[in-house]
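Please keep the sequence and the structure in view.

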Amino acid sequence: MKKHSTKSLRHSFAEPDVPEGPLGDLLQEDTLNLNASRRSFLKVFGFSVASAAVLAACKKPVRKAIPYAVQPPEIIPRKPLFYASTYFDGHDYCSILVKTIDGRPIKIEGNSLSEFNGEATTARIQASILGLYDDARPKYPGINGKQAEWAAVDGEIIKQLADLNNSGGQIVLLTSTINSPSTIRLINEFGASLRNFRWIQYDPVSYSAVKEANNLTFGKAVFPDYNFRNTDLVVSVNCDFIGTWGVPVHFIPGYVNRRKPDTGNNKMLYHIQYESGLTLTGSNADKRIKIRPSEEKTLLADLYNKIAGKTGGQTFNIPSFREDLTSLADMLIAAKGRSIVISGTNSTEIQIIVNAINTLLGSYERCIDLVNPVNIAAGDDRQTESLINDLYEGKISGLIMHNVNPAYDFPDPVKFTEALGKLQFSANLSASLNETSGKSIYECPVNHFLESWNDAEIKPGQLSLAQPCISPLFNTRSFQDSLLKWSGKNVSWHDYLTSVWEKEYLPVSGYPDFRAFWNKSLSTGIYNYKTESEASPSMNSEALIKAMADHSDDAAKGYEIVLSESIALGAGMNSNNPWLMELPDPVTRHCWENVALISPSDAAGLGIVNGQVINIDSISLPALIQPGQAEGTISIALGYGHDNTGQVASGIGVNVFPFAGFRNGNRLYGFRTDKIAVTPEIKTIALVQLHNSQEGRPLARQTTLKRYRQDPVSGNEHHVEFETMHKSLYPDTPFDGFHWAIAIDLNACIGCNTCVIACQVENNSPTVGKAEVIRNRIMHWIKVHRYYSDDLNEPRVIFQPVFCQHCDDAPCENVCPVSATNHNNEGLNQMAYNRCVGTKYCMNNCPYRVRRFNWFRYTNNKAFDYNTASDLGKMVLNPDVTVRERGVVEKCSFCVQRIQAKKLEAKLEGRTLKDMEIKTACMQACPAGAIIFGDLNDPESRVSQLFKDPRRYGLLEELHTLPSVGFLTKVWNDEGEKA
């Protein structure tokens, strides 16, 4: 036999490339040593029971567990417990269930009992569990940068507050939005004890204009609820309402519910989007029109005039939009009472015009609810601007901050920091490390929300409770406990909370006993009570007259820069979360930094290629050519550019919050510039998808509503063709028990990537860092492909989640030399990690490219120390799923651990499994309900019904792999095209 060289071994088993520098030195310690003979190689990788036992004995240290002296009756080791709680970080809200195992919270799901969000969650909510185990969290109180005891901190703060109160100095409490009725009551009591007190709520991404416009036009300073379930037509202007604006976790289910072609007598919702940058919402629109931000007011004012002229409303002498809006006005009038016009721009004038349009359309009866608004975004831009001016002028003596980071996201953070340092008294109460940390006299770290008691009222009459799911990991305490202590009240926050509920809600609950009422509310996580119904208020036309009066020449000059939230990081509060930092943007498909998104035509005119660094005023960022970007505009994401948030986020990207200044009392998220300088420097952007087109292949299939109603097979003709051609040498595989499968409705999938994070949390998938993402080594088991149509200036976008297809004729199975990949009798394509030797033959033979190879040991590795390297970080790991060692192939398992758990539960209870009882992590988290898991052998199961749908097809079904994942053709609503 010919002797194999070391070189051939390296080629066959693909020794990982190691980058140069310190990272390479660290990674080199973790790579395989392949400088050995063939005999040595076989000694290590041979099928020897003895050697396997020796290796196992060397690598498995003995760990001792201490049993309970008295075991709590509700705790069974390794059996999960679920606690109902609430997530609200000042911006995002969700009623949740927290899964804990042995006292460790490890997973978050939506609370199905909640009327507001049900089981829906978002990527940020899913990833928030990791923040609990962030080793960068503040761990102890401090005074002037030195560690201190709580007693010393409290003593000094109580004295400082008393001195300021006696002298009449103004004390300001600056917080994020708070919708906890008990906390609001406590703050008001705290403020009442001080002579000169002001409470200001602040949102780094402000919706203040919406509330101010509603106050001027209707006398109600509220953020309304948008009922998309009652809507036939949506016209959205620069509003990413299913991505980042408002409460997407609440909006998405209603929106998707009306976007299905089989809606019975109801019309399928028609969606028109006007926007500058291509957003997630714009990607899902039936019709999308590019505009510059400076054109928005003219567009909406002209649309109002067209509608008013046809409905007898007051018209104004104003300029017309560059395109005729008559047909759009006709469509809105035809859908009167079932249409919405919505804008995401933080301009009071624009929001007043929007209110006037919706009033003419009768939208406030069924579609827009001002009577039962959503309690978010309590920040007031005018108060914030006043606070900044007062700080600079020395009018404030003391400042208490809770859950805010003004040293990062205020318009002028440098001046704020200077003013903060001159205050007589300052205290910072934060659950996470940020730029404001360490700049106050007193640091009073607060608990993570999973360590805290709280309540929330997201809508009038819809209450939810938060309860601690774990004891505080550090020497922290709740914000409310600090206020109680500084108020001189000798009561805990828990007792205060229960006393408020006993006084306010027990009398209307119908329960005779408070303990029963409290326990019921705590176990379900929610409590709803009836509120008095009111008629929708009438509009004050004077506000509209003033808004229409100012029509000075607003012609665009130079480039207009749009500053907006990203799906992953939002305003940047959770930027030290590696799961979110590595989550690809649904549209751009990049991660690990913010970039300057520029249109293809502008890029060609300036000679810009992807990754080329451009200077926009003082902002220096790599450019990314974005199809669908409006010409003359550049979009940049907020939330990056931190310098004191932890090892994940520090030094990543650029902070553009300082460029979001004030204009006419509103914070404006954008600016204009002529200063675009193209540099010769080119950076590599971490893109997870390098192809934008389907290359003529019927991968994500689509059709129009008109064609679908004529023939339900429309768009899916290839499936009919392939079904007639199927011939196979494989014998049919019998599935006598279960045959698990997933159906994905492309009409419901909005591309939000929530499933990606949910899968990562559930299955212990690691993050790999920007360098490894660039080398195509990202470890996500789910990838949501985004495809553009051929016209890159006016692209139509379609999303398609792809993961292991669990093929019944799987091409990966018969090529594995060690039978690491195999098929079980329930239709699952399995991976035996202990057998895998890393040949990657299965990856090469998989036509779907859904298998991942973990090149490195991501845990216990200094090169990936942000990735559960510490014992604290490992607490988030799911013990039901193996943490894979380096050198093996891994992929989606259909959450087999969940399947086995439910099968065992049904067996112990002596019953059969129910349809929809087993939910994969991606299915349970999906806010759109696009993913359905179930048993194909059950003809009545929902997945079986979907597999019989004429829209259902398999990905690359011409290969006869017989995938157990079925997709339903995307149906675009073309009914509005006639108008």
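In β12, Ser343 is the bridge partner of Val237. Strands here are DSSP runs (E, at least two residues), and helices are DSSP runs too (H or I, at least four residues), numbered from the N terminus. The model is predicted: local features need pLDDT of at least 70, side-chain atom pairs count only at pLDDT 80 or more, and totals for chains, interfaces and linings use all residues. Residues are numbered from 1 along each chain as its sequence is written, and side-chain values use heavy atoms, with hydrogens and water left out.

**Strand β12 and its partner**

Strand β9 (residues 233-237) pairs with β12 in the parallel sense, over five bridges. Two strands count as paired if DSSP finds at least two bridges between them. Strand β12 covers residues 339-343. Five of its five residues are buried, so β12 is largely enclosed by the rest of the structure. Buried means under 20% relative accessible area, exposed means over 50%, and partly exposed lies in between (1.4 Å probe, protein chains only).

Which residues of β12 point one way, and which the other? Ser339, Val341 and Ser343 point one way, while Ile340 and Ile342 point the other way. All of them are buried. In a regular strand the side chains alternate between the two faces of the sheet.

**A seven-strand sheet**

Seven strands form an open sheet with mixed pairing. Their order is β5-β4-β16-β15-β14-β6-β7. The edges are β5 (146-147) and β7 (197-201). Each has a single partner strand, so one side of each is left without a neighbour in the sheet. Strand β4 (residues 142-143) pairs with β5 in the antiparallel sense, over two bridges. Gly142 has Gln147 as its bridge partner in β5.

**Loop residues**

Two residues other than glycine have a positive phi: Trp592 and Asp617.

Ser452 lies in another loop setting, between β16 (442-443) and β17 (454-459). Is Ser452 buried or exposed? At 11% relative accessibility, Ser452 counts as buried. Ser452 touches Asn447, Ala466, Gln467 and Pro468, leaving aside residues up to four places away in sequence. A contact means heavy atoms within 4.5 Å. Ser452 and Cys469 are 17 residues apart in sequence. In space they are 8.0 Å apart, C-alpha to C-alpha.

**The whole chain**

The chain holds 31 helices and 42 strands. Its radius of gyration is 29 Å, close to the 30 Å that the globule rule gives for 979 residues, so the chain is as compact as a globular protein of that length. That radius is taken over C-alpha atoms, and the globule rule is 2.2 Å times the number of residues to the power 0.38. Along its principal axes the C-alpha trace spans about 90 × 70 × 70 Å.

Of the 979 residues, 59% are buried. Among contacts with a separation of 6 or more, 73% join residues 24 or more positions apart. The accessible surface comes to about 39800 Å², and carbon and sulfur atoms account for 51% of it. Accessible areas come from the Shrake-Rupley method with a 1.4 Å probe; for residues, only the protein chains shown count as cover.
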